[in-house]
Amino acid sequence: MNGEPLTILFVEDNPDHAELVMRSFEDHRVANRILHLSDGEAAVDYLFRRGDYGDPEKYPRPHVILLDLRLPKVDGIEILKIIRESEDYKTIPVVILTTSHAEMDVSRAYQYHANSYLVKPLDFEKFTKLMDDLGFYWLGWNHYPWPRGG
Amino acid sequence: MTLVKKPGRGTTAKLEILLVEDDQAHAELIIRCLENHSIDNHIHHLSDGEAALDYLLPKQDGGGHHRPHVILLDLRLPRVDGLEVLRQIRSTDSLDGIPVIVLSTSRDEADVKKAYSHHVNSYLVKPLDFATFTKLLDDVGYYWLQWNHFPGRILGGGH
């Protein structure tokens, strides 16, 4: 298993879901940096170092993006498209974490090369279990196209 | 990892997995771990890249063109290597959306980068020891079979 820290960009507008996710990452024994944003426009600004997000020390490039679909300002599929069309981020792993289990959303996400599609469980305990398993998998086993650490 | 009950509602087709792996011992271990899983699945195992392409790509005579839900792909394969198989999957419209997970002995940065440049969904390195390899396969089972949603396979919501 990899032990070096990862930087995760987490884009989620629901404050309760955001809190659950942030807390479960804090519990995870692998030290990581999780940056949480609540709307799509901020996510795009962050990735392309616009506006407030100019400083790469403070706002480092993420290794993986955890992305909701229903977001204010710019929606998740739009963000995924923008990511995949950019030179810098076309290979970055994107894990969709959404309330929608609609076939159309699943198909579109994979069409734009989302790496994985997860549906938020309605039940709090199951949501927590999902986050544990997500953590073990993406923070522990998966190998990334650019180096971990730092 | 923790066990979550199988979803109770919605039609759940058996998960069809294509395993492309030339090492017989690894293949047996992978098949055993995944088939034991609580989510109903079927694994089709092929041992070289050419056989994988024959299986997946649509043919003039109407053959081939199988669409598994997910592909577990080794990189060092006889006849046609894994990266070439991946490249062809991604450049075939009817296959492009299928999630591909590389499971390889190689932890070479160049291999990892190349796999992601062809939109691999995930890149895993086979652990050297049996116990860790088994743990990896259990976690692969929980994550991909239990949680991940695949295109073209209906699952119940919020399970």
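Let's start with helix H5 of chain B, residues 130-147: 18 residues, reaching 25 Å from first C-alpha to last. That's close to the 26 Å expected at 1.5 Å a residue, where the expected span is 1.5 Å times one less than the number of residues. Helices here are DSSP runs of H or I, at least four residues, and strands are runs of E, at least two, numbered from the N terminus.

Quick note: this is a predicted model, where local features need pLDDT of at least 70, side-chain atom pairs count only at pLDDT 80 or more, and totals for chains, interfaces and linings use all residues. Residues are numbered from 1 along each chain as its sequence is written, and chains are lettered from A and ligands numbered from 1 in the order in which they are written.

Back to H5(B): its buried residues include B:Leu136, B:Val140 and B:Trp144. Buried means 20 or more other C-beta atoms within 10 Å of a residue's own, exposed 12 or fewer, partly exposed in between, with C-beta atoms placed from the backbone. In the segment after H5 of chain B sits B:Gly152, which is partly exposed because 13 other C-beta atoms lie within 10 Å.

Now the sheet. Chain B has an open one with five strands, ordered E2-E1-E3-E4-E5, with parallel pairing; two strands pair if DSSP finds at least two bridges between them. E2 (41-46) and E5 (122-125) of chain B are at the edges with a single partner strand each, so one side of each has no neighbour in the sheet. E4 of chain B, residues 100-104, runs parallel to E5(B), joined by four bridges. B:Leu103 has B:Leu124 in E5(B) as its bridge partner.
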